[in-house]
Amino acid sequence: MEIKLKYDTPAEWAKQVVENIDVFLQDHADAERKVANMCLSLIAKYPDKRDIIADLNQIAVEELLHFKQVYDIMYKRGLTIDSEFKKDPYMKGLSSIIREDTQKRLLDRLILASVAEMRGVERFKLISEVTEDKELKKFYSNLYLQEKEHVDIFLQLAERYFSTEEVESRLEEILIKEGEVIEYLPWRPAIH
Ligand SMILES: [Fe+2]
Ligand SMILES: [Fe+2]
């Protein structure tokens with residue numbers, strides 16, 4: 001199953017991020033921990049879905065490793081992580097697409113996770129292309145490839161409990177919504 005985002009982030013976005021990279025790194029550190037939290041929350045909410053737990057756990061481990069890598073960069077730069085997560089207008093904008101029904105909710109959360117990872121892939125790649133900092137270029141060009149694997153895994157997890165047709169049609173709806181939300185968000189030194 002192939003994901004094609006409905007809105008392409010302009011390279012100009014990455015130029016602005018690179019000019020405010022210290023602020024961006026703080027948001028990025030939060031984002032990695034949020035994805036790990038989201039995986040753990042899915043495990044807690046759906047303990048009966050035994051065929052996805054090991055993979056969710058593995059993604060959480062990988063996201064925490066990403067957090068460690070971002071934090072190591074921040075530490076070298078003398079940056080401190082914030083004591084609480086900042087508001088996330090992207091996820092707030094997308095939350096209305098998540099349905100109430102327990103089973104449909106699982107499908108929506110897995111697909112949304114995949115789409116949000118794809119946005120990360122797009123934007124980490126742009127940063128890797130624009131930054132002239134050698135350490136950041138190397139870090140982000142490796143990272144976007146790793147996040148691309150998560151894009152695929154979240155969709156595969158959805159297919160373990162839902163039909164391909166159901167996953168595909170819901171994916172299309174969520175991609176449309178994501179494109180609408182991100183296109184109108186003001187640019188910030190943040191992944192979304
Ligand atoms: Fe990550
Ligand atoms: Fe990821």
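Trainee: In this predicted model, is L56 buried or exposed?
Mentor: The residue L56 has 23 other C-beta atoms within 10 Å of its own. A residue with 20 or more such atoms is classed as buried, and one with 12 or fewer as exposed. The count for L56 therefore makes the residue buried.

Trainee: How are α2 and α3 oriented relative to each other?
Mentor: The axes of α2 and α3 cross at roughly 165 degrees and come within 8 Å. An angle over 145 degrees counts as roughly antiparallel. The two helices, α2 and α3, are therefore roughly antiparallel.

Trainee: How many nonpolar, polar and charged residues make up the contact of α2 with α3?
Mentor: The crossing of α2 and α3 is left-handed. Divided by class, the residues of this contact are 18 nonpolar, 3 polar and 3 charged.

Trainee: What is the distance between the end C-alpha atoms of helix α2, and what span should its residues have?
Mentor: Helix α2 covers residues 21–45 and holds 25 residues. At 1.5 Å a residue, it should therefore span 36 Å. The distance between its end C-alpha atoms agrees with this, being 35 Å.

Trainee: Which helices are included in what covers the buried residues of α2?
Mentor: The buried residues of α2 include F24, L25, D27 and H28. C39 and L42 are also among them. The cover over the buried residues of α2 includes α1, α3 and α5.

Trainee: How are α1 and α5 oriented relative to each other?
Mentor: Helix α1 (residues 11–19) and helix α5 (residues 102–130) pack at about 70 degrees, with 9 Å between their axes. Angles of 65 to 115 degrees count as roughly perpendicular. The arrangement of α1 and α5 is therefore roughly perpendicular.

Trainee: Which residues of α5 make the contact with α1?
Mentor: The crossing of α1 and α5 is right-handed. On the α1 side, the contact is made by A11, W13, A14, K15, V17 and V18; on the α5 side, by L126, I127 and V130.

Trainee: How many charged residues does the contact of α1 with α5 have?
Mentor: Sorted by class, this contact has 8 nonpolar residues and no polar ones. The number of charged residues in the contact of α1 with α5 is 1.

Trainee: How are α3 and α6 oriented relative to each other?
Mentor: Helices α3 and α6 pack with their axes 11 Å apart, at an angle of about 165 degrees. Their crossing is left-handed. Since angles over 145 degrees count as roughly antiparallel, α3 and α6 are therefore roughly antiparallel.

Trainee: How many nonpolar, polar and charged residues does the contact of α3 with α6 have?
Mentor: Residues of α3 in this contact include D51, D55, E62 and Q69, and those of α6 include E135, F139, H150 and R160. By class, the contact of α3 with α6 has 7 nonpolar, 4 polar and 5 charged residues.

Trainee: With which residues is F139 in contact, leaving aside neighbours within four places in sequence?
Mentor: The C-alpha atoms of F139 and F124 are 9.3 Å apart, for a separation of 15 residues along the chain. The contacts of F139 are Q69 and I73.

Trainee: What length does α6 reach from its first C-alpha to its last?
Mentor: Helix α6 has 28 residues. At 1.5 Å a residue, 40 Å is expected. The helix is close to that value, reaching 43 Å.

Trainee: Which residues does Y161 touch, not counting those up to four places away in sequence?
Mentor: Y161 lies in helix α6 (residues 134–161). The residue is partly exposed, with 16 other C-beta atoms within 10 Å. Its C-alpha atom is 20 Å from that of E149, 12 residues apart along the chain. The residues that Y161 touches are K49 and L106.

Note on methods. Residues are numbered from 1 along each chain as its sequence is written. Chains are lettered from A and ligands numbered from 1 in the order in which they are written. This is a predicted model: local features need pLDDT of at least 70, side-chain atom pairs count only at pLDDT 80 or more; totals for chains, interfaces and linings use all residues. Axes are lines fitted to C-alpha atoms, for helices over the stretch in contact, and angles run from 0 to 180 degrees between N-to-C directions. Helices (H or I, at least four residues) and strands (E, at least two) are DSSP runs, numbered from the N terminus. Angles under 35 degrees count as roughly parallel, over 145 as roughly antiparallel, 65 to 115 as roughly perpendicular and the rest as oblique. A crossing is left-handed if the near helix is turned anticlockwise from the far one by less than a right angle, and right-handed if clockwise. Two residues are in contact if their C-beta atoms, placed from the backbone, lie within 7 Å. Ala, Val, Leu, Ile, Met, Phe, Trp, Tyr, Cys and Pro count as nonpolar, Asp, Glu, Lys and Arg as charged, and the others, Gly among them, as polar. The expected span of a helix is 1.5 Å times one less than its number of residues.
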